[in-house]
Amino acid sequence: MAKVKTTFFCQNCGSQYAKWQGQCTSCKSWNTIAEEVIQKPQKSDWKFSSSSTKRVSKPLKVNEIDNSQEARLNMKDAEFNRVLGGGMVQGSLTLLGGEPGIGKSTLLLQIALQLQYKTLYVSGEESQRQIKMRAERINPNGNNCYILTETKTQHIFKQIEDLDPDLVIIDSIQTLHSDYIESSAGSISQIKECTTELIKFAKETSTPVLLIGHITKDGHIAGPKILEHMVDTVLQFEGDRNHVFRILRANKNRFGSTNELGIYEMQGSGLREVSNPSEILISEKDGELSGNAVAATLEGLRPLMIEVQALVSTAVYGTPQRSATGFNAKRLNMLLAVLEKRAGFRLGAKDVFLNITGGITVDDPAIDLAVVASILSSNEDVALPSEYCFAAEVGLSGEIRPVQRVAQRILEAEKLGFSTIFVSKYNKISLEDTSIKIQLISKIEDLVGYLV
Ligand code: TYD
Ligand code: MG
C-alpha cells in the first residue's frame with residue numbers, strides 16, 4: 001500500500017511545515033499547526049477538451065492580443081456590477097467574504113434569481129427546501145437558477161457538465177471537499193485543492209465562478225492567504241448586523257478598480273440596492289446640533305455626502321483622550337495641532353471624539369475641512385447651518401488645499417439641496433449656472449470667520 005503522505009499546515013495563516021512545531025514562524029501564533037493528509041492528485045477532475053491542454057502559449061504584442069474573450073456578464077445589479085468594474089469577466093473567479101449572517105447567501109441567491117443566464121447555485125450549507133423558502137421571499141419569479149446541494153467537487157463537476165451553466169455560485173468554499181485530498185472539508189489543503197480545481201474549470205470553460213468564503217474572527221477570509229492570491233477578485237461584504245445597511249467593496253480586483261463601493265439595505269424581501277447613498281448617510285434632524293458637519297467626499301468615482309460628528313469636552317484625566325471612528329486617528333491629531341497653532345484654539349486640555357456616521361471609513365482627504373468645522377462647532381457649541389457642506393484638504397500650515405473632482409462634489413451637494421459649499425480658493429472650478437453658493441477659502445482662519 002502506498003505510504004500516506006502528510007504535511008503540517010498553520011491553520012491560521014496557511015504556512016506549510018515539514019514537521020510539527022509549537023509556534024508558526026510566519027504568523028507567530030501558537031498551537032495552530034496541525035497535520036493534514038495530502039495525496040497529490042494524479043489528475044484533476046475537471047476534464048477539458050484536449051486542444052486547450054496541448055496549446056502552448058506564444059508571446060504576442062499587446063495590440064495583437066484578442067481581448068474579445070473578456071466579455072463581461074451583466075449581473076443585473078448596478079451596485080454589484082460597479083464593484084466588479086462593469087460586470088463579471090468570463091472565466092474569472094470571485095471570492096465573496098463576510099461575517100456569518102451578514103447576507104452573503106442572500107446577495108448571491110438574489111443575483112442568481114434575477115439573471116437570465118443559466119445559473120447553478122451549489123450549496124453545501126443549506127438544503128434545497130431551505131433555499132427555496134428563501135428564494136420565494138426574495139424573488140418568486142426567478143426561474144433560470146438551478147439549486148444543487150452537494151459538497152464533493154467531483155460530483156459538482158459532473159452536474160456542471162450535464163447542465164452547462166453560464167455562471168456557477170458556490171456557497172461556500174469551506175464546505176467543499178475533493179476526493180484527491182484526504183483531510184476534512186475546510187482544512188487548508190482541501191480549500192487549496194478545491195479552489196485549484198475550480199480555477200481550472202473556470203479558465204478552461206470561460207465560465208465565471210462566484211465563491212462564498214467564511215471569515216475568521218479577526219476579519220480575514222478563513223483558509224490560506226494563498227486563496228486570495230489565487231482568485232481574480234476578492235469582495236468583502238460588511239456592515240453592522242444590527243443595522244440595515246450593507247457595504248460591498250473590492251479588496252482585490254484584477255479587472256477593475258478597488259475604489260468602488262456598493263451599498264445595500266437589508267429588507268424583509270432581500271437586499272435592496274441603495275442608488276443614492278448620500279441621502280441615508282445624512283441624518284434627518286429637527287434642530288441644528290453643534291459638532292455636526294457634512295463633507296462632500298468621493299468613494300471611487302462616486303460622490304458621497306458624509307456626516308462628521310465631533311465632541312469636544314474638557315478632559316477629565318490629565319492626558320486628554322483623542323478617539324476617531326471611521327477616520328485616521330493620526331490625521332485627527334494633526335488637524336488638532338493645526339487648529340491650535342494656526343487658529344489659536346486651545347484644545348490641548350480637551351477630549352476630542354470624532355465619528356463618521358453610517359459606519360463608513362473615509363480615506364478621502366477632502367473630508368479634512370468638515371472634520372475641522374465639526375471640531376470648531378463642538379468646541380464653541382455653535383451649530384453650523386445644516387445647509388453648509390465642505391470639501392477641502394487642510395495642510396500643515398493651515399492652508400486649505402484643493403481636492404480632485406471638485407465639480408462632481410459641488411453638483412452632488414447642489415442636488416441634495418445644500419445652499420453653500422466651502423472649497424479651496426486654489427481649485428479650478430469651471431461651473432456655471434449653479435444655484436449653490438461656492439465659498440472659496442484659502443486659510444483655516446477664513447473658515448473660523450464664517451463659522452463662529
Ligand atoms: P444570509 O444570507 O444567510 O447570511 P450569510 O450567508 O452571510 O451567513 O443572511 C442572513 C440574514 O439576513 C438573516 O439573519 C436574515 C436576514 N434576511 C432578511 O432580513 N431578509 C431576507 O429577505 C433574507 C433572505 C434574509
Ligand atoms: Mg450563508
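Among contacts between residues at least 6 apart in sequence, 67% join residues that are at least 24 apart. Please keep in mind that what you see is a predicted model.

Let me begin with the chain as a whole. It has 452 residues, of which 40% count as buried. The C-alpha trace spans about 85 × 55 × 50 Å along its principal axes. Twelve helices and 23 strands are found in the chain.

How is the chain divided into domains? Domain 1 covers 1-40, domain 2 covers 72-275 and domain 3 covers 280-451. The centres of domain 2 and domain 3, taken over C-alpha atoms, are separated by 38 Å. In the contact, nine residues come from domain 2 and six residues from domain 3.

Let us look at Ile 169 in particular. Leaving aside neighbours within four places in sequence, Ile 169 is in contact with Leu 108, Ala 112, Thr 119, Tyr 121, Val 122 and Leu 210.

Leu 108 also belongs to the buried residues of helix H3, as do Lys 104, Ser 105 and Ala 112, among others. H3 is mostly covered, with nine of its eleven residues buried.

That brings us to helix packing. Two packed helices are described by the angle between their axes and the distance between the axes. Helix H3, residues 104-114, packs against helix H4, residues 128-138, at an angle of about 70°, with the axes 10 Å apart. Angles of 65 to 115 degrees count as roughly perpendicular, and H3 is therefore roughly perpendicular to H4. Their crossing is right-handed. On the H3 side, Thr 106, Leu 109, Gln 110 and Leu 113 take part, and they meet Ile 131, Arg 134, Ala 135 and Ile 138 in H4.

A second pair is formed by helix H10, residues 368-380, and helix H12, residues 444-451; their axes come within 11 Å and cross at roughly 45°. H10 and H12 are therefore oblique to each other. This crossing, too, is right-handed. Val 372, Ala 373, Leu 376 and Ser 377 of H10 make the contact with Ile 444, Leu 447, Val 448 and Leu 451 of H12.

Finally, some backbone details. Most residues other than glycine have a negative phi, and most peptide bonds are trans. Which two residues are joined by a cis peptide bond? They are Asp 171 and Ser 172, with omega about 0°. Ser 172 is in the loop between strand S9 (167-171) and helix H6 (188-205).

Lys 76 is not a glycine, yet it has a positive phi of about 60°. Its place is in the loop between strand S4 (72-73) and helix H2 (78-84). Asp 164, also not a glycine, has a positive phi of about 55°, and is placed in the loop between helix H5 (153-163) and S9.

Is Asp 164 buried or exposed? Asp 164 counts as exposed, because it has 10 C-beta neighbours inside 10 Å. Lys 76, with 15 other C-beta atoms within 10 Å, is partly exposed.

Terms used: Residues numbered from 1 in each chain as written. Chains lettered and ligands numbered in written order. Predicted model: local features only at pLDDT ≥ 70, side-chain atom pairs only at ≥ 80, totals over all residues. Contact = placed C-beta atoms within 7 Å. Axes fitted to C-alpha atoms, helices over the stretch in contact; angles between N-to-C directions. Helix = DSSP H or I, 4+ residues; strand = E, 2+ residues; numbered from the N terminus. Parallel < 35°, antiparallel > 145°, perpendicular 65-115°, else oblique. Left-handed = near helix turned anticlockwise from the far one by under 90°. Domains from an automatic or database assignment. Buried ≥ 20, exposed ≤ 12 C-beta atoms within 10 Å, placed from the backbone.
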